[in-house]
Every structure is written in structure tokens, then in C-alpha cells.
Amino acid sequence: MKQIIDFVPLLLFFIVYKLEPRAIELAGFNLTLGGIFSATAVLIISSLIVYSALFAHQRRLEKSQWLTLGACLLFGGLTLALHSETILKWKAPVLNWLFALAFLISQFIGDRPLIQRMMGHAVELPAHQWARLNVAWVLFFLVCGSANLFVAFVYPAIWVDFKVFGSLGLTLLFMAAQAVFLVRHMQPEQSRD
């Protein structure tokens with residue numbers, strides 16, 4: 001459910017981006033709705049709303065959610081301030097590469113790789129398999145970041161479509177492959193008396 005909630009700002013971004021640009025009046029202001037810049041504003045506003053609601057409900061955000069929100073505010077804000085969609089095109093690659101770096105660093109710093117910290121409560125694996133799975137996540141984030149960058153600058157006409165559906169498809173395929181690997185290692189839930 002949390003991943004679906006995290007997806008809401010991106011979906012709203014996609015919807016507004018695809019609208020034919022038109023002028024609207026809102027609270028006495030003339031605004032343009034549709035296209036990259038209004039979609040970026042919607043992405044920022046909806047991200048603030050979603051993550052504020054999650055924070056109010058959970059009393060915390062995960063580090064990845066803080067990083068995602070920070071990247072959205074930084075890249076989205078600069079996109080609007082400098083009126084340059086190129087800046088926003090760098091958000092997904094940079095964010096993916098930061099996640100790859102975090103997983104990579106966790107291989108060498110700390111007592112367990114990052115993926116084990118995230119999933120160790122549900123899965124039991126030998127240390128070498130946790131290390132392999134962690135490296136798989138590093139590679140996944142490197143590939144996703146590179147694919148986003150490639151599409152954004154080589155095929156800009158389909159960049160937003162790829163950002164929403166291509167990245168989602170890559171993630172679902174990776175998660176399915178990971179699930180096939182992990183299902184035999186899942187810990188049965190203990191019954192509650």
C-alpha cells in the first residue's frame with residue numbers, strides 16, 4: 001500500500017503533463033494547466049501533501065521517502081525557477097544512482113547489507129546470498145537510472161511515458177524475479193495466541 005501511495009504524485013504528474021495546455025483562473029490568478037511546468041508544480045504539491053500525510057499518520061518517513069521528497073523539491077523547484085525541463089529529467093537518474101550508492105556502501109559499512117536490513121525479518125539467507133541480493137539491487141538502480149537518462153535525452157518525446165510506465169515495468173519485473181528467488185526462504189508467520 002505504501003508503494004501505491006508513493007506513486008500518487010507521479011501519476012498526477014503524468015495526468016497533468018498529458019493535458020493540452022490551457023489557461024485557467026484560480027483564486028484570482030491566471031495559471032496554465034498542462035505541460036511540463038504545471039505538471040512539475042503538481043508533482044511538488046502532491047508530494048508535499050502525500051508525504052506530510054504519511055508523516056502525520058506514521059510519525060516518521062523512511063530514509064528513502066525523505067530522499068525522494070528532497071529530490072522532488074530540489075529538482076522540481078529548480079525546474080520551475082529556471083524554467084528548464086532538463087533539470088527535472090536528471091531527477092530520476094540521480095535518485096536511482098543515490099539508491100545504488102546507498103546499497104553499495106552498505107556492502108562495506110555496517111554489520112549487514114541494506115537489503116538484509118530491509119528484509120531480514122521475513123527472509124533467512126546466508127551472508128553470501130544477502131551480499132548477492134544487495135549487489136542485484138545496486139545493479140537494478142544503476143540500470144534504472146541509466147535507462148531514465150537515456151530515454152530522457154535520446155527519446156524526449158516518450159520520456160514522461162517511460163518515467164511512469166517503463167520504470168514501473170522495470171521495477172515490477174525486478175521484484176518478480178526477486179520474489180521467485182526469495183519465496184523459498186520466507187519465514188512462516190508465527191501464530192498469535
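Is Phe108 buried or exposed? In this predicted model, Phe108 turns out to be exposed, because its relative accessible area comes to 67%, and the cut-off for that label is over 50%. The residue sits in helix 5 and belongs to a nonpolar surface patch, together with Leu67, Leu98, Leu101, Leu104, Ile105 and Ile109. Taken as a group, the patch residues put about 650 Å² of accessible area on the surface. Helix 5 holds the largest share of the patch, with 5 residues.

Now for the inside. The largest nonpolar core counts 20 residues, and the ones touching the most other members are Ile115, Trp130, Leu133, Trp137 and Phe141. At least two core residues come from each of helix 3 (63-82), helix 5 (91-108), helix 6 (114-119), helix 7 (127-154) and helix 8 (159-182). Helix 7 is the top contributor, with 7 residues. As for Leu133, once neighbours within four places in sequence are set aside, its contacts are Ile115, Leu125, Gln178, Phe181 and Leu182.

Leaving out residues up to four places away in sequence, Ser46 touches Pro9 and Leu12.

Key:
Residues are numbered from 1 along each chain as its sequence is written. This is a predicted model: local features need pLDDT of at least 70, side-chain atom pairs count only at pLDDT 80 or more; totals for chains, interfaces and linings use all residues. Side-chain values use heavy atoms; hydrogens and water are left out. A nonpolar core is a set of buried Ala, Val, Leu, Ile, Met, Phe, Trp, Tyr and Cys residues joined through side-chain atoms within 4.5 Å. Buried means under 20% relative accessible area, exposed over 50%, partly exposed in between (1.4 Å probe, protein chains only). Helices (H or I, at least four residues) and strands (E, at least two) are DSSP runs, numbered from the N terminus. Contact means heavy atoms within 4.5 Å. Patches are made of residues with over 30% relative accessible area and no salt bridge: like charges are joined within 9 Å, nonpolar side chains (Val, Leu, Ile, Met, Phe, Trp, Tyr) within 5 Å. Accessible areas come from the Shrake-Rupley method with a 1.4 Å probe; for residues, only the protein chains shown count as cover. A salt bridge is a side-chain nitrogen of Lys or Arg within 4 Å of a carboxyl oxygen of Asp or Glu.
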